[in-house]
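Dear colleague,

I am passing on the structure below, and I would be grateful if you could look through it with the notes that follow. They begin with a stretch that calls for caution and then turn to the chains, their contacts and some single residues.

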Amino acid sequence: MSNNGKFEPRIVAFLCNWCTYTAADTAGVSRMKQPPNVDIIRVMCTGRIDPVFVLKAFAEGADGVIISGCHPPGDCHYTNGNYKTFRRMPLVEMLLQQYGIEPGRFHWGWISGAEAPKWAELTREFTEQVRKLGPLNWKKQFASKED
Amino acid sequence: MAKITITIDGKPIQTEEGQTILEVCRKNNIYIPTLCYHPVLEPYGACRLCTVEVTRHGWPSLHTACTHPAWDGLVVRTNTAEVRAVRKTLMELFLSRTPNVPLIQEMAAEYGVTEPSYPVEDPNEKCILCGLCVRVCNDMVKAHVLNFSSRGVDRKVGPPFMEKTRECIGCGACTIVCPTGAIEIVLQKNAIYAAKPLGPTAAIYVPSLQAVPRVPVIDTDSCIRFRQRDRSNGEIEDACGACQMLCEANAIDFTQQDEILELNVGAIVVATGFQMWDSTKLSQYSYGKSPNIITALEFERLSNAAGPTGGQILTADGVKPERVAIIHCVGSRDKNPNAHEYCSRICCMYSLKQAHLVRDKTHAEVYEFYMDMRAFGKGYEEFYERVQEEGVVMVRGRGAEVQVLPSGKLRVTGEDANLGKLVAVDVDMVVLSSAIEPPADAQKIAQLFGLSRTPDGWFAEAHPKLKPVETNTDGVFLAGAAQGPKDVPDTVAHAGAAASMAVALLNRGEVTISPQVAVVDEKFCSACKTCLNICPYAAISFIVEDNVARVNEALCKGCGTCVATCPAGAITGKHFTDDQIMAQIEGLFRVPELVEA
Amino acid sequence: MPGNGKLKLGLYWAASCGGCEIAVVELREKLLIVDQVADIVFWPCATDFKYKDVEAYPDGYMDVCLFNGAIRTSENEHLAHLLRKKSKVLVAFGSCAYEGCIPGLANLFDRESIFRRVYLESESADNPNKVVPQTAYHMPEGEIEIPKFYNTVKTLGQVTDVDYFLPGCPPQDPQIWAVIEAIVSGNLPPKGSVVGANEKTVCDECKHVREEKKIKKFYRYHEIIADSTRCLFDQGIICAGPATRGGCGALCTKVDIPCRGCYGPPPNVVDQGASLLAAVASVVDADTEEEARRIVSEIPDPIGTFYRFSLPASLLHRARR
């Protein structure tokens, strides 16, 4: 996305309904400063996040992806959905690395409903981090007919 | 038990067989002096003071009432001239042995003995060799530390060879039974005493005085019986038991154990309350540096009629304070990271009440350091007015600092915002209206019930306005300060609402569940069994006959973890489907076509 | 149908190993039946046709064209477009045409690095002049053109419109026969369907006994002697069976080799690798992040493991260049 020629990263965040989505909601209600670059997709639990969503987001044009839910071990509204997340995401990291996507473009972690400032800070820092990495523009990888 | 009749001092008394004369007299309020008697110990007849005249078969003779059985037809006279003469002789002997023990002096005076009649060997002697301590140590505590040694005039009480012994468990039973104060235990400041605010309590005590039913408990760490059992690895099982012997209701049961009850319930009300914020976290209030700087909760104990001072408000020196300062918002409404930003909400009103109590009980000058007076409840403002009229000095401004002066006085400084000046007042007692905070284990409880917590740490209700007692976990409700600081009326209202919600849920009989569940499309399920271990609710089971996995919709909570897991794509949620989420992702990157106007 | 009532059948191989051709030959005596019902009008592997013969056919001349192989070069792509034009029904035959397959793993690299490795660095290369393929070369006789080697391997479906997909590396001959029967009888499913395969996964055909999965350690095939009665995945060997369309008859697991996933994703799965990855990681028996990371970090080569046959068809298609 270009804004007067300046690169503005597009970031997709998959957030669990009970913890980080609540934190993001609170951050907004509390008027905490957040960059507009992060688009949130709500799921009930981070356990619902199929790795394919991450790939799809990058494939569609995301420059960065965030996954965030309830702190393990016990914060999960569904007991241990977040366990599945921390089992899957290290492998997703490995996969993305092999695809050539920098580790700095993918963040997964935990922000509880009480940690709205932490969410606001993450969006600010992650956006800056992705901004430094520059555009990913995955579709271009495959667009040229000559290739 | 057979009924008998016994005549005491000319009065016929109907009673039961199997008691001593002394026991019958005590029950009938007939005074017989004793020194070596204790109701929980076997009678010993050492002091002889309970001597009475007993007439059997027409023959009067003198006997000790503590050891003589009460038989049918006995005639007892407790106060004849002969009896008094014996007691007088005994008191002469006692006073000559222990001339400076107040109890002996008093009792001797009753028989006209005011000076030792015989040469005094040791004016500091206190032991009268009654043997109470020996009996309690051997028969009750079963520590077998104390006994008599030597004979005749050399007879004395002590541990073997008068040496310190590890067998002593420091229970203090001997000091309690000793009538003359001859035994002293040097207490070291130990954990048992330090743990009890404002003075020690007994090993059996009522933990919450307002509780219904008001039942005492035994602190098994302090109780002699349990300590002896634990020390001896269970060999000494029957030490002490004095409370059991004395309890007329037979309510003491040493065999009771802590129990973990497993109950199947349809609703849970979480009412885990609050804890006091640790007032040492802000050092400017000097909490812990003087015994006269106390928290409001300690003040409550101090002014409690069942408290250590019987409800009198006294400084640590045991005198009434002349000036008292009450500091509001200690640890509340404070951005210091050691404190809380929220208002603890209950402090203004209890501080006013405590100011009123101080004025009422001690007439001391009271200075209230407050930021704002939050007297918003029904009748609260009126109470605030009344306390002001009682002469309490209101200083508008947070108490900034409490200093302990070399004299022991306490100097409170702060700004009086109304005067626009710094003020200081020297007082005898400072009461800190300390913050209340979520219990230290709130996170564990939150995890147990799947609750979330608001940034201040209290449990989050499902909606701040519309669902004040519900939580995000079905069937779990919040009551009272667990959800946030509340005073008693608000807690009662909140708890009532929670109880109603719980009962309403129980009475429903049939519950509707969320339609947001996962479904297995059996056409695509290939029985790989990957999903079985994934579900936190064990809602997915494998149906052997059909060779497919199936979701129990009543158990499924709709988290979608299995949907993301199923490698065959055979499980879908009835919400947040793959198609919906994929469409959302696509939607984010669909650039809208701008039409030039 | 043309005058003799026989089908006009074409077969072509693009970037493939030739296994698909062998699979057709594996029909054995049934080939005689094929010959009775069809005229082979293009099959470079078995009969002598020239491209210009095909170019001369009217559009839609062939009733069915079975196209195997991925699109690696400009020649592959040219033929894909040509055969599309000349066929009524174009079938992506086999895993390469369907989803890229083993040639598609080259999408982890680009043209330059592949040429460097193959023509310059490989241990068996004897290339003192450091010659790498060029698209044009001057010969004394004139300039000749060599097809361009693309950076990215594509599937047939990514370059042209495909009617049916017949998966497998190679497709199993009973499945091929069933498809031919369907074509002859005209009993064809809707366009775009996967044919010659099942709706359920390989597990459905696999005879190993499966239990609830809890994996503490992943083993590569040579690191463990597998219990040949129990599910290989249960034993910690990554088996693509749960995320792979059935139809092969679970050939590999029958001999205790884990499924590699050649039949492609099951009907409702978008990205076979991601789906398998999710399942594999979800059953890791770890209760802390550190333990989970330790266990999954032992899986070598995630793309090669999870996308062995489907990288070009996956959502990201290739590694970043």
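Where pLDDT is low, the predicted coordinates should not be read in detail. Chain B as a whole averages a pLDDT of 90, and 96% of its residues score at least 70.

This is a predicted model, in which local features need pLDDT of at least 70 and side-chain atom pairs count only at pLDDT 80 or more, while totals for chains, interfaces and linings use all residues. Residues are numbered from 1 along each chain as its sequence is written, and chains are lettered from A and ligands numbered from 1 in the order in which they are written.

Chain B has 15 helices and 25 strands, where helices (H or I, at least four residues) and strands (E, at least two) are DSSP runs numbered from the N terminus. Of its 597 residues, 34% count as buried; a residue is buried if 20 or more other C-beta atoms lie within 10 Å of its own, exposed if 12 or fewer, and partly exposed in between, with C-beta atoms placed from the backbone. Among the contacts in chain B with a separation of 6 or more, 60% are between residues 24 or more positions apart.

One helix of chain B can be described in some detail. In helix H7 (residues 224-231) of chain B, the residues B:Ile224, B:Arg225, B:Arg227 and B:Gln228 are buried. They lie on the same side of H7(B), because they cover an arc of only 170° around the axis, the arc being that of the directions from the helix axis to the C-beta atoms. The buried residues of H7(B) pack against helix H5 (173-177) of chain B, and H7(B) is followed by B:Asn233, whose phi is positive, near 55°.

Turning to the contacts between chains, chain C contributes 29 residues and chain A 24 residues to the contact that they form. On the side of chain C that touches chain A, the elements giving two or more residues are strand E8 (149-154), helix H11 (272-282), helix H12 (289-296) and helix H13 (302-306) of chain C, and H11(C) supplies the largest share, six residues. This side of chain C divides into 16 nonpolar, six polar and seven charged residues, where Ala, Val, Leu, Ile, Met, Phe, Trp, Tyr, Cys and Pro count as nonpolar, Asp, Glu, Lys and Arg as charged, and the others, Gly among them, as polar. Chain C also has 23 residues in contact with 16 residues of chain B, and the side of chain C that touches chain B divides into ten nonpolar, five polar and eight charged residues.

Most residues other than glycine have a negative phi, and most peptide bonds are trans. The peptide bond from C:Cys169 to C:Pro170 is cis, with omega near -5°, and C:Pro170 lies in the loop between strand E9 (164-166) and helix H9 (173-185) of chain C. B:Ser150, in the loop between strand E6 (147-149) and strand E7 (156-158) of chain B, has a positive phi near 60°, and B:Ser150 is exposed, with 9 other C-beta atoms within 10 Å. C:Lys130 likewise has a positive phi, of about 50°, and is placed in the loop between helix H7 (111-121) and strand E6 (136-139) of chain C.

With kind regards

How values were computed
Contact = placed C-beta atoms within 7 Å. pLDDT = per-residue confidence, 0-100.
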